[in-house]
Amino acid sequence: MFVALFLTLTTFALEQNPDQDDAKVLDRINFHRKLAGLKPVTVDPALSKGCIAHAQYLIKNADHPSVKGLGTHSEDPSLPGYTEEGAKAAKSSVITPAKSLLAAVDWSMASLFHRLILLDARVTKIGVGFAKNGDRGGIAIVHMPRSSFGTTTKPVMFPPVIYPGDQQKDVPLQFGFEFPNPIPESKDGKAGYPITIAFSPRIPITNVTATLKDASGKDVAVWLATPEKPAGGQTVFQQNSISLIAQAPLKPGTMYAVNIQAKVNNVDWKKTWTFTTGKE
C-alpha cells in the first residue's frame, strides 16, 4: 500500500484539467531522480488514464468516509465514478491535494514516505493525472506501478539512493507534511527538508548512527528513522531506508554535513557528504 498526503477535500464540480502537461511533470520528476543518480522514467498513457480516472473518482466522492486518509488508495464499485483503471492506479500511487501536478511533485519530494516512492530505483514507467475545478485546487496522482510494496519476488539490487546528494545546491528548507505523519513528535509540524538513503529491499540495515551539522560544525537536532526504528512506527512506508529530519526548518544559504554509519548486510558502512540550502 502507498501513502497519501493528508487530504482535506471539499466537494468540487468535476472538471478534468485540459492543460495537464505530462512533459513538464516528467521533467520535474526526472530532474530529482537525476540528482539522486537514478535513471529517468517515462510516462505510459495507459497508466495516466487510470490516474485521471481515480482523481475524478476522489473529487466526485470527496465527502464519502471511504476516501478519507489511506482510503484514497481504493475505489468502491458502488460509488459514482468507479473504474477498473482508477482502482488499479489507486493502489500504487502518490496522491496529493494540489493546485497542479508540478506542485504535487515538489510537495512530495519535501516529504519522507512520498519521496521514497518517487525515487524508487525499480520504477521505469509511470502514470500521471490531475483533476481540478477552476482555480480552487484539485487532486494530483503519480502512479508508480513497479514499486514493490508487499512483493514476493526476488528484489532488485541497486546502489544506495541518497537525497539530497553530495554537493547538491538550492536544497529547500522545510518538510512537507504527509499522512501517515512520520514525525508525530513534532508539536507544530514544522521541520527540515528530509535527508534520505534508500537501500535495496531485504538487506539488513542495523546499528545506525547519524549526525547533521551546520556550517559552524554545530550538531543539528534531528529525528532519525531506520528500518529498525521506522518514522512514526510505519515499518512498511519507511521501506529499507535511513532518514534524518531536522527538528526545525533548515537555515537558508547554509552548508550542512551529514555523517551516517551503520551495518549494511552485516558489513560496516559509512557515508559523509554535504549539501547547501537555497534562499527562503
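Predicted model: local features only at pLDDT ≥ 70, side-chain atom pairs only at ≥ 80, totals over all residues.

Guide: Helices (H or I, at least four residues) and strands (E, at least two) are DSSP runs, numbered from the N terminus. Residues are numbered from 1 along each chain as its sequence is written, and side-chain values use heavy atoms, with hydrogens and water left out.

The predictor's confidence in each residue, from 0 to 100, is the pLDDT, and its mean over the protein chain is 89, with 88% of the residues reaching 70 or more. Over residues 1-16, however, the pLDDT is below 50, although this stretch has 78 contacts in the model beyond near neighbours in sequence, a contact being heavy atoms within 4.5 Å. Residues 147-152 also have pLDDT below 50, and that stretch has 14 contacts beyond near neighbours in sequence.

To return to Gly86, is this residue buried or exposed? Gly86 counts as buried because its relative accessible area is 0%, where buried means under 20%, exposed over 50%, and partly exposed in between, using a 1.4 Å probe and protein chains only. Leaving aside residues up to four places away in sequence, Gly86 touches Gly50, Ala53, His54 and Glu75. Cys51 lies 35 residues from Gly86 in sequence, yet the two are 6.1 Å apart in space, C-alpha to C-alpha.

Elsewhere in the interior there are nonpolar cores, each a set of buried Ala, Val, Leu, Ile, Met, Phe, Trp, Tyr and Cys residues joined through side-chain atoms within 4.5 Å. The largest core has 60 residues, and Ile126, Leu212, Ile242, Leu250, Ile260, Trp273 and Phe275 are those that touch the most other members. Strand β12, residues 255-264, gives the largest share of this core, with five residues. A second, separate core of 12 residues includes Ala55, Val67, Ile95 and Ile141. As for Ile260 in the largest core, its contacts, not counting residues up to four places away in sequence, include Ile197, Val208, Ile242, Leu244 and Trp273.
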